Amino acid sequence: MSEIFKTAAIQAAGVRADHPMAGVLSMRADIFTMTDQAQSAALTPDAPGGLSHGERAALACRMCRLNREDGLSAHFEALMKQADAPEEVAQIADTSYPGGDAGADKRLDAIIRHTDLATRDAKSVTGGDIAALAAAGISEDDIVRLSQLIAFVNYQVRLVTGLRLMEDLS
């Protein structure tokens, strides 16, 4: 099987190697390879800073669930388990979290609020939203890391959606 059919986006979209568009996708294997490399950089960097690998995977899973992207959600849930994320981190993936305990962890509340806002309505994010992250004690470097994660996951969701649309057309 061609290596591109092992990539997260192709697997999440459900495109099989015997699909009529497989040949076309194989000609653009570099895009899928670079997407998986970007995923590694965004989710499992050597130096994760203040966002653990488990938190990153949980946030990625959350963004996929907000976008109703079950294939990628399952992929990131598996990454969360690989990161051995404790239950308090894994619950971030639940789109109803934070629930009744909102306010107990200002840092986490700010990260989730910002992630949800940027995922649901990116154009409404303002400087004040970034300032709220800083006010919650999140470093500038971690704000950049979070922004990179949000941008990557939402790109990947759109890539998978596009692949599915192309599959439906063939």
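**Entry 1: L72**

I began with L72, which touches A8, A12, C64, Q156, V157 and V160, leaving aside residues up to four places away in sequence. Contact here means heavy atoms within 4.5 Å. The model is a predicted one, in which local features need pLDDT of at least 70, side-chain atom pairs count only at pLDDT 80 or more, and totals for chains, interfaces and linings use all residues. I number residues from 1 along each chain as its sequence is written, and side-chain values use heavy atoms, with hydrogens and water left out.

L72 sits in helix 5. I take helices as DSSP runs (H or I, at least four residues; strands are E, at least two), numbered from the N terminus. I looked up the accessibility and found L72 buried, at a relative accessible area of 0%. Buried means under 20% relative accessible area, exposed means over 50%, and partly exposed lies in between (1.4 Å probe, protein chains only). I also checked L72 against Q82: the two are 10 residues apart in sequence, and their C-alpha atoms are 15 Å apart in space.

**Entry 2: S73 and R65**

I moved on to S73, also in helix 5. S73 is buried, at 5% relative accessibility. Leaving out residues up to four places away in sequence, I list C61, C64 and R65 as what S73 touches. With R65 there is a polar contact, side chain to side chain, at 3.1 Å. I count a polar contact as a pair of N or O atoms within 3.5 Å; within protein, one must be able to donate a hydrogen and the other to accept it, and residues adjacent in sequence count only if both atoms are side-chain atoms.

R65 also forms a salt bridge with E77, with 2.9 Å between the closest N and O atoms. This pair links distant parts of the chain, R65 being in helix 4 and E77 in helix 5 (residues 70-82), 12 residues apart. A salt bridge requires a side-chain nitrogen of Lys or Arg within 4 Å of a carboxyl oxygen of Asp or Glu. Both partners are partly exposed: R65 has 33% relative accessibility, and E77 has 28%.

**Entry 3: other salt bridges**

I noted a total of 11 salt bridges in the structure. I looked up two others by name.

- R145 and D142 form a salt bridge with the closest N and O atoms 2.6 Å apart. Both residues lie in helix 9 (residues 140-169), 3 residues apart, about one turn of the helix. R145 is partly exposed at 22%, whereas D142 is buried at 11%.
- R28 and D30 meet through their side chains in a salt bridge of 3.7 Å, N to O. R28 is partly exposed at 43%, and D30 is partly exposed at 38%.

**Entry 4: helix 4 against helix 7**

I looked up the packing of helix 4 (residues 53-66) and helix 7 (residues 106-120): their axes come within 10 Å and cross at roughly 40 degrees. The axes are lines fitted to C-alpha atoms, for helices over the stretch in contact, and the angles run from 0 to 180 degrees between N-to-C directions. The crossing is right-handed, meaning that the near helix is turned clockwise from the far one by less than a right angle.

From helix 4, I list E55, L59, R62, M63 and L66; these meet R107, I111, I112, T115, D116, T119 and R120 of helix 7. The residues of this contact divide into 5 nonpolar, 2 polar and 5 charged. For this division, Ala, Val, Leu, Ile, Met, Phe, Trp, Tyr, Cys and Pro count as nonpolar, Asp, Glu, Lys and Arg as charged, and the others, Gly among them, as polar.

**Entry 5: loops**

I checked T95, in the loop between helix 6 (87-90) and helix 7. T95 is partly exposed at 35%. T95 touches R62, R65 and L66, not counting residues up to four places away in sequence. I also looked up its separation from D116, 21 residues apart along the chain: 8.8 Å between C-alpha atoms.

Last, I looked at backbone angles. R68 has a positive phi of about 55 degrees although it is not a glycine. R68 is in the loop between helix 4 and helix 5, and is exposed at 72%. D84 has a positive phi of about 55 degrees and is not a glycine. D84 is in the loop between helix 5 and helix 6, and is exposed at 65%.
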